[in-house]
Structures are given as structure tokens and as C-alpha cells.
Protein chains: 2
Amino acid sequence: MDSPFFSPKGIAVIGASQDTHKLGYGVIRNLIKYRYKGGIYPVNRKAYEILEQPCFKSVAEVPDPVDLAVIIVPAKAVAGVLAECGERGIQHVIIMTGGFSETGEEGREMEKKLMEVAEEYGIRMIGPNCIGTIDTHTPVNTTFVVGMPEPGDIGFISHSGAMVAAIIDWASGSGIGFSRIVSLGNQIDVNEIEMIEGIAGDPQTKVITAYIEGVSDGQAFLETSRKMALKKPFLMLKGGQGESGARAVASHTGALAGSSEAYGAAFRYCGIQEADTIEEMFEWARAMAWQPLPRGKRVAVLTNAGGPAILAVDALEREGLEIASLSDETKKYLTSRLPKAASVNNPVDVLAGSGPGTYTLALEALLTDENVDAVLVIQAPQDWFLPVSLAEVVGEVAAAHDKTVVTSIMGKASVGDALKILQKRRIPNVAFPERAASLLSAMKNRREWLRKQEDAEIPDFEVDQKEAQEAVKNNDWESLLESYGIRFPEQKTAASEDEAVKMASEIKGKGVMKLVSEEFSHKSDIGGVKLGLKSEADVREAWSEIRKSVEKAGGNMQGVLIQQMVESAQEVIVGLVRDQQFGPMVLFGSGGTDVELYKDVQTAIAPLNRMRAKDLINATKAGEKMKGWRNMSARDEEAVVEALLRLSRIAVDYPEIEELEINPLCVLENGQGAIAVDIRGEKITPKN
Amino acid sequence: MDSPFFSPKGIAVIGASQDTHKLGYGVIRNLIKYRYKGGIYPVNRKAYEILEQPCFKSVAEVPDPVDLAVIIVPAKAVAGVLAECGERGIQHVIIMTGGFSETGEEGREMEKKLMEVAEEYGIRMIGPNCIGTIDTHTPVNTTFVVGMPEPGDIGFISHSGAMVAAIIDWASGSGIGFSRIVSLGNQIDVNEIEMIEGIAGDPQTKVITAYIEGVSDGQAFLETSRKMALKKPFLMLKGGQGESGARAVASHTGALAGSSEAYGAAFRYCGIQEADTIEEMFEWARAMAWQPLPRGKRVAVLTNAGGPAILAVDALEREGLEIASLSDETKKYLTSRLPKAASVNNPVDVLAGSGPGTYTLALEALLTDENVDAVLVIQAPQDWFLPVSLAEVVGEVAAAHDKTVVTSIMGKASVGDALKILQKRRIPNVAFPERAASLLSAMKNRREWLRKQEDAEIPDFEVDQKEAQEAVKNNDWESLLESYGIRFPEQKTAASEDEAVKMASEIKGKGVMKLVSEEFSHKSDIGGVKLGLKSEADVREAWSEIRKSVEKAGGNMQGVLIQQMVESAQEVIVGLVRDQQFGPMVLFGSGGTDVELYKDVQTAIAPLNRMRAKDLINATKAGEKMKGWRNMSARDEEAVVEALLRLSRIAVDYPEIEELEINPLCVLENGQGAIAVDIRGEKITPKN
């Protein structure tokens, strides 16, 4: 997006001020100080010049070229000024003024007025209540924040202006450089989705980062984000996940925060990688901007001291990376070149007395080894040689290979010069080696995600849609699922005790009796399910016990279902739920009555493809168990994949279904399929 | 420990050198540069002076007073020099020389020789293969590492010399000050346990920190550490937790790393708080040294911007802290003093335009509110006032209260001066607010741990020890557990099918049949357990099925156990295991066959007291379920506490038992007790 927001030809600053304590002064100061090369036109009725820039009485007087206006006048005056911009032919406006919807009803009304004006003149707006935009390559800095980030590869989109200010201040001198930054404020027009596209489309941007507190449109967010994440790494910090956090968001931007589960599923679907802290997000971003993604997860550690290497190995393993097994050739070579007491197994310890030359030979050997995907180079402080020389050789050797190299030249006081060289040579450094694990893991995860997108086909199924539509209409979830090829146990209904005895005698194997009642959704909770019925006596006893339970619960017994009992199966839950923001999601996990206790359940955005269905299964303990567990042989995972794909299809085909759950789905031995034993569904309640 | 290692009267440096590239030069340089006030005596046969300190040909010539020697001669010469020190009457020695046990058998032999010499002369040694000691208050710095930490309250013990060097370099200028630092190297004499005591006993040390790769003696470690942690916060970074990590430790120091589970239990028992990263450990340490522990977990957030507060709230809740509900009085006061649009609910947002005065009033109000235990003060960068003035007022107001105050004056470039003021005023600051959560949580956890130590009594039980001894002798675990008051279901054994039918008819309610066989420890895995037997036919069928299963598994059917079936109970596992290092541990968790799948199991060092038994239960999902879950009423937690206390007692009374496990222990309704349904035990196999 080569728009006037990031590369304007000329900028009118309406509300520019001579008072150094006002925002309207800061904007002019930044435009000049950070070397914006186009025209800078302060609009101020009373002043003649601000910082030697001549002032204009109104935007109408501003000369050409001008295609961007920054507005910092009081809230009530903004609509009028906006119209003046329109008259002047300025169609891109950043409204910094606060006091709109974030303060209440009156502000919301004013925002509506702004939207009307903007529509009339075809104006695009960022804000209100924002701090503007930065493009370090143009360069242009429309904010009033002191400081300009170093030019670089990272684009940053923020729902919080304060976060932008803090990050500019913090990143200064850290080697973390930015391409574009935008603060979106109340985003009554340009929103985070448009900006994701805008930042991702910028050729200077190699990595997209964002701090968001909510999304404007779930479906559009999913679609755009996924498309952008396929092109460039997309890292995210999401604010407002906890309960009180959600409250804070509400009072802050008026955005409705979805549940953190749904956000997790949405981010996984899009290939967005979520960081826990601001520092983590930018450490990942820098590494991805500077280094190639590792081809696999095998990491070699090259060190001059044992302790730091141990911490690194612990952290790497915690983060799902592997300690590479070096080839015999590498070990032989290292043995011939390193000091006698050195360790030539990974971690490779060159010992405290070794200098940059030894590091060079060892690093070259490790990067040449086919068993190594990435190398972490550690240098504990020593007094033999300057850290700068290590930085130089690591940078040089790493550049000759296309594998990931990360350093931990440890310390702070003595390593400043070395860090500058590493920045120049685009080698990410961490002050302590255990921090390298998080960024290597993020890089590996991105690589894995990209690889999986190759299998993106969503399977289709032959379904009698007439039958299915009828079933949905009647809330007949069993028929619906049957239309989509889900299997159920053999079963019959009985309205009386005698009928139940008769039905049970016709069922193969043992029987299960289940209360038929629309009043209770968790039937086992009120004693409405009896298992293992083998004789007439069993059936009669079960009938009488269920009747008593129903009466005790104040309910009404309409009859029972007699089902074939499915034995020695693994019980899982599969289901679909519709998220308010992100639409249909599919879930999978350990089933039965303890499903909410262990919370061994994962969710994914629908529609699923085969690979993502498998990922969903593998992300749970239930999936682990399915591969064979203790005395249970492997279960029919393929049948579960099929069930998930079909539920996913139902979710897409029938948007009126809010929830549909099979619990338990009884998964039989490999090749034997899976049987839905209990189901529960709900349609969306129409809102008035 | 006011020992010559930290406050020597005079120091002989044997192997001192004029060559600036040698360690023996660095030690002399550091002693002088970092203002050691006692005598500095370089011992060097060839030199006349080093850095203007006259040299001595041998340690015998060194004048009084001298009570510490630093040895940096080649490995083979160390034993001779050590003897010379003994002859000269020097009884404290730091051996920096490497090339001992860390390099192999020859080195181990040389270490033995050192121990012999040391014993002969009554010498205490630190090292070999270490980098020495620092006391910033004496001051003395016996290391060769460039840099001297700022004087402060934190003591640091390290199994890695490189880590010491890195931390000195990193902490410089960070406001993290040290009291004592010691690098232990191969610790053939003075080990980490002695040093924990030595550092904890130092009046300048307020917080103990340690990087360890293993413990020298599990029992002594537990006892000493717990005693010290009762006096002072004790923070730990443990190296070598993963599998490859354990290998790296082995090659590094020869210490045997125990399993990470056992370390976790040991640290919890001692009140040692384990950090994930070096930075985290020292951020915790600084906060605990500077600020009072919070009385509870209710945190107020005071901010000038929404976004950072949202991230803080998310992180605080993730770490188990609560967002304080402010009193009406506080809210009323804040409403009267803050800008109209400000938020007076927690997080309290004074808005971007407020200065240090407004912060002062708000902070005073929050610290006065009885619903607040700690306050996090956030300042996003702004252009109105200098951050130093905020630092001053926060420091001043916080000092007038005894509640925990932490700041996040965000950024880096513009906040250096403010951070210096915060250091002076002992207010810990974090660059981003979400990092405050980890340290507030650590402080809260310490407070909770200290409070629980008040209930430290280990209960005793009346047990017929003669009976119990006999049972242990015969591996009769059931009788043993019965002696200790554990209940079992009504049960009888049967050697034939007909006998089984007879026995079953005599049992109350439904029956369970279990294979009797010494060949299979997990009987249900091979189909050796049948439940819900109600009729003669059921019993006969079960007998025949078990017989078939045993035959299929190639086993031998000695008979069966007919037990009363315990229904509608919660199945848990309780057990004891003996760790090689830390001795007896008790475990608790979700029982049944999925125990290893969900790994919902926690361990604790025995003996337990009542409070710790409850903590153990509460740390699991099983404990959560026990309080009542869906249709299951609350189970008899007290009975589980009793079972755990009794197992803990058995662990102490019978050290020959290696493992004893009840799975499932069936926990009945409140007041109904718990019944051990299946047990398994093992004695320690005597080693040859």
C-alpha cells in the first residue's frame, strides 16, 4: 500500500502549535527532525511560523502538492476541519484528537458525524484517538512521540498508541529496526485488517508484527491474515485475554474481545504466531527478518563454557527442538582441530582458552554437517580476545551458509561493540543463551506451518442435502449426522418397561439404556444412563432406577433408548461450535464425563483439511492415546479424521447450527471405525 | 560465615604472573583494582614485582597476616603448592587451576591427592576448576574476571564459573547489586550446601540465589536449604533438566543430576523458588531484596495508558494474582482528583495528560486502600514531564507504606535517569509491564510458603510395629497398609472356579474378580480384572475370560481375588517412591489406567504434614474434582489426607521400601472414607 499515509507528497498539520508542550508542536518537530522531504504545512490561525515553517490560516490556503492531513484540533472542531480537507481535495487524514467513543455516548455521536463527512468527500481516516504513522524508508514520522526508530524490516500495527511510543523508546539502539509503524486508535475507518494488508504489501517489510485488542471482522481477519502470513512472518501480541483484561479492553476501545480459545484457533489457522511478551515478539521478528528459517529442528550448540550450554540445551528441549547428533566426520574434524580436553559432541565446547579462529573452524564444520539445521554460538565473557572479533567471524561464516545462526555473546558492559557488529551482519544475539530457544522454536514453527499449507485441499462429501435440510429443520441431529456418514450404535426406543425388555432382547451383545427427555442435556449427570444390561432383570432394574432419578430431578420420563453397548473403545469428544467473531470451529479431545476437568480439548477454525484435522488430534492427550496406550491397541484415527472433516462440512453447510457435539465418539480398533454414542445439538437462537 | 574466603586478612596468589594474558595477572589486578585492603602477596619464582606488588619466591616467604591462598599453577604442581600452604599455616585455599576430574581419570586421581594433602593440614578448599569468590562489602575480588559487581543484597552461588563472569558483566549498571558471589568448580571440599549456609549467614545478604547442576547430598541439601529459606528468600536456576542437558552436566562436572520431578519436589519442600531464566531469577531477587512481600495477591495497576495496562492485567491473572477491587472510598477520592475521562476502576488510568502530582495522589490512595496488597505503576512514554520526577514521587510515597510497589517506566532511551532514581529508592522497574507479573507472583508465593510453615507438625500414628515389620519382611503390602490404618474392600481368595462362585455369593453388593499372579504388575492390562459381577453366570464367565487372557499372555493362573465392588467413588492414586538423592517422596493424582496419560500427578518430599498433604492434593485436577464435580458430590478429602500422611510415615519408618502405590484408592462421599482397591509395592534391590 503505497498510500499517502506512508509516503505523502505533502502534509497539512491542522492544529499545529508554537507551544512546545502541545501535540501540534510535536508533529511539526518530528516531520522536520526526522527528515520528511515533502512539504510541511502548519495550519494555525494565529501563528506566522512554527519551527521556521510558514503557517497557513486554513487548509484551503495550503499549496500543492498535499495529500495527507494530520488533525489535532479539539474534538468538536474535527468534523468541520475534515470537511475543509475534503473541499481542499485531501483524501487521507490522520485524526489524533481524543475524546470520541472511548469517553462515551457523546463521542460516539461525533464519530458518526466524522464518518458521514468522510463518506461525502471520499476521505480515508486513521484514528481518531491515535498517534499516527511512521515509515522509516520514506522517511516520514507523523507522530508527536520523541524518537525515530532505526530503519529496518519490521512492520508494526498497534491498537495502543502508548505501546508504539514505548517500543520506539525501547528499541532505540537494540538493533531492532522498523519499516512501518501505525497506531490505529478508535479505527472508525481504516482498521487493523486493512493495515495488515498495507504493511504486508510494503516491500521494505519482511516481518509483520501487531498488538491488537480485538478484531473488526472475524471472517475478513481470517482471510486477510492467512493470505499475508503465507507471504511474510506474522507475529502477534493479543491484549485482553484474561477476564479483567477483557473488561479493560472494553473500557479502552469499545472492541469486543472474543474468548482466548477462539483467538488461539484463529491465529493457528492464519499462521499468526502469538508471543507472550513484547520483547519476545520483537526478538522473534528480528530473528525472522535477519536469518533463514531452519529446515528442521536439529540445533547445534557451540560454546566456550559448560554452564551456559547446559541452560541452552534445557531450554531448547523445553521448546521442542532437538540437540543435533553430529556426523562422525564432523566429530573427527573437530577432534583434530579443538583442544584435547574439548567436547566434540553437541554441545561442542571449545573451552575457555579458544579464540575466534577456533570458533570459526568449529562453526564452519557445524554448518556443513547435514545433521544440523541451526547453530547457537555462545561466548561466556573471557579476557583473551575482544568479543568484536568473534562477532565478525560468526557473521562472516554464517553468511556463507543458508542455515540459521543465533549468538549469545553473554553480558552487557563489555559486549556493546560486538553487538553492533552482529546487528550489521544480521545475526540475532540474546544476552543469555536460554532465550535463543524461544526464537529458534518460533522459526521452526513457521517453517512447519508453511510446509503444511501445501496440503490445503478441503475435502467434499456426497450428502443427500434434502434429507439433511429436513433433519436440521427438525433438530434431528442424529439423522443429520447420519446423512454426513457418521455411524451410530444399533438402537431402538421404548415407551414402557415391557417394551424396553423386548427391545433389549433384540440387540446384539450388552445393552445401554438412556433416558429420552428434552429437559436434561447431560443425561448421565441425573442418573439417566445405565450400562451393561445383559438380562431381563437388568433391564427392569435400570428402568426403575432411571424413573426414580427423573422423578427426583423433577422431570418427565418420555421413554428410553435401548442401544447396543460399545465396549473397549476409546471415548473422545468431537464437535462444532460457532464463535461470534471467527465463525465455525471444530473441536476434539478426551471424551466422557471428565472432559471439562482435564480440558484435554483443542479447537480449530473450520473448514478443516486432512492435515489440520490430524494436527488437531495430535495436539491432545486423546490423540496420543489413540496411537496405542498400555493394553489398548491403536484406535482408528482415520475414522476420527473423517468425523472431524464431516462435522467441519456441516458447520459450513448449515450456518444456523450453533453447536453440535458427539460425546462420546467411541473409537474402535484400527479399521473398525468410530461410533457416535451420545450427541447434542443446538441451533442459533434468532435475536430480536 | 565470616571466613577468610570472603574477608581474608592477607592473600597469597601462587602462580601470579606479569603476563597480562594470564589468569595469575588478572587475580592480582582485580585485588588491587577492586580495592582489597589487606596484604596482596604474589608468589612467582622469577618476577620481582607485579603491578607494583613485590613478589615472593615461595609461599613460605609470605609475611603475616595471610590466611587465604589463591592457586593458579599447572594441575600437576597443585598438590605440592597445597602442601606448602599447609606448612605456612594457610588453611583456606581457592584452587582455580583446571584439568582435574572434569577431564577424566587422571584428573580424578590428582583430586584424590589434593584431598589427602588438605586433610593432613586441615585445609579448606574451594575448587579446583573455579574462578573464586567476591565480597563487595569487604571488599575482595579473588577472580580474574574483568568487572566488579555493585555492592548490594544478593548472594550468588554457582556451579559454573562462566555464569559468574556473564552475570557480573550483565548486571553492571542494572541496579542489581551483589553481596557475595562464589564459583564452586569441582567442589572436592567446600560444596554448594556449605556455601548456602555461608551466604545465607552473611548479614549483608538479603536474598540467596544459586545456579546449580546437581546436589552433593540430597538429605543435607533439603535440611540446610529449608532452614536457610525460612530466613531469607532462596532463588534457584537448575541446569541440566532435559535429557541431553543431563548428559551435558555429566560431562561437565561429573555430578549426577536427579530427575526434574524430584528436584521440583525438593525445591517446593525447601521453599526454594525456581526461575526459568537467569534474568527472571535476578529480577525476582532484586524485588525481594528491595520491597516488602505482599500480604496477599490483590494488585492495583496505576497507568497513564490503556494498552500497557491490559497486557499487565493479562499477565497478572496468568500468574495467579488478582486485580484488586478498590473500595468505594478510594474510587470516590480518585473521581474527585483525576481527570473526568480517567478510569477510577482498577486498572486506574490517569490518562496521558496527567503528571507526577496526579500519580502521587492516586498511588497514595491505592496504598491506603485495604483491598490492595501491591501496586504496579506504569508510565508509557510521554512528553509532558521528565520520567525522573515520577520516579522520585513513586519512591517517596512507596517508602511511607509497607506494601509492595513495582514500576514499569516503559522504554529505554529516555528513561535512564529515572531508573537510577528508582534504584536508589529501591523500587524494582521492568521495561514492559507484563514482566512485573512474574516477580509479584514470586513474592506472593514466598509469602504463602512462609505462612504455611507455621503448621509444621508431622503427625504420628499408633501402629503395631511388630505386625508391620513382619508384613514388610514378607512383601505383604496389604497387611502393612492395614497396620497403618488403610482400609481395603471386603475380599476373599479363590483357587478354583467353584470356590470363586461360593466366595462371590458371600460378598455384599456386586463383586470384582482379580487375577492372583506374581508375574503381572498391571493386571488390568492383560485382562486380569473383571467388574460388576452379580450372578453365578457372571462369575463363571469372568473366571473363564481371565483364564484365557492369562494363557494368552503366557502366564500362570494361581487363583483369583473376589472383592466387594466399590461404586461411585473417585479413583485416585497415592503412593510413595524413594528418590536416589532426596529420599522418600509421596505422590498423589488422578488414578486408574490413564494416570500416565494425563500425568495429573504431583510429588512431595516425605514426611508430610497436614498442610503439605492438602497442598499436594490441591495441585492436581484430581484434587479439584474431589471438591465436587458435575453430578459427583464432594469426596472425602480428609480420608485422602490421612492416607497420604500414613504413606509418608511408612516411607520414613521403612527405608527398605522403594515403591508403594495404591491405585486406585477409591474415595467415597464426605465422611465415608477411602478404600484401597489395588496396591503394588517393591523393596530396594540390594546392590552388589
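1. A:Tyr41 counts as buried, at 10% relative accessibility; buried here means under 20% relative accessible area, exposed over 50%, and partly exposed in between (1.4 Å probe, protein chains only). The residue is placed in strand β2 (residues 39-43) of chain A, where helices (H or I, at least four residues) and strands (E, at least two) are DSSP runs numbered from the N terminus. Apart from neighbours within four places in sequence, A:Tyr41 is in contact with residues including A:Gly10, A:Ile11, A:Phe56, A:Val62 and A:Pro63, contact meaning heavy atoms within 4.5 Å. A:Tyr41 and A:Asp402 are 361 residues apart in sequence and 48 Å apart in space, C-alpha to C-alpha.

2. On the basis of these values: this is a predicted model, in which local features need pLDDT of at least 70 and side-chain atom pairs count only at pLDDT 80 or more, while totals for chains, interfaces and linings use all residues. Residues are numbered from 1 along each chain as its sequence is written, chains are lettered from A and ligands numbered from 1 in the order in which they are written, and side-chain values use heavy atoms, with hydrogens and water left out.

3. Helix α1 (residues 23-33) of chain B is mostly covered, with eight of its eleven residues buried. Among them are B:Tyr25, B:Val27, B:Ile28, B:Arg29 and B:Leu31. The buried residues of α1(B) pack against strands of chain B that include β1 (10-14), β2 (39-43) and β5 (68-71). B:Arg35, which follows α1(B), has a positive phi near 65 degrees.

4. The largest nonpolar core has 224 residues, and A:Phe221, A:Phe282, B:Phe221 and B:Phe282 touch the most other members. Such a core is a set of buried Ala, Val, Leu, Ile, Met, Phe, Trp, Tyr and Cys residues joined through side-chain atoms within 4.5 Å. Leaving aside neighbours within four places in sequence, B:Phe282 is in contact with B:Ile154, B:Phe156, B:Ile167, B:Trp170, B:Ile176, B:Phe178 and B:Thr209.

5. Chains B and A bury about 6,600 Å² between them, 57% of it on carbon and sulfur atoms; buried area is the accessible area (1.4 Å probe) that two parts lose on being put together, summed over both. B:Leu597, B:Tyr598 and B:Arg630 supply 11% of the area that chain B buries against chain A, more than any other three residues. The contact takes 80 residues from chain B and 80 residues from chain A.

6. Four salt bridges are counted between chain B and chain A, each a side-chain nitrogen of Lys or Arg within 4 Å of a carboxyl oxygen of Asp or Glu. A:Asp538 forms a salt bridge with B:Lys534, their closest N and O atoms being 3.2 Å apart. Helix α10 (residues 306-318) of chain B gives nine residues, the largest share of the side of chain B that touches chain A.

7. Two cis peptide bonds deserve mention. A:Ala606 and A:Pro607 are joined by a cis bond with omega about 5 degrees, and A:Pro607 is found in the loop between β26 (601-605) and α21 (610-618) of chain A. B:Thr138 and B:Pro139 are likewise joined by a cis bond, with omega about -15 degrees.

8. Positive phi values also occur in loops of chain B. B:Glu52, in the loop between β3 and β4, has phi near 70 degrees and counts as exposed at 72% relative accessibility. B:Asn129 has a positive phi of about 65 degrees although it is not a glycine, and B:Asn129 is partly exposed, with a relative accessible area of 29%.
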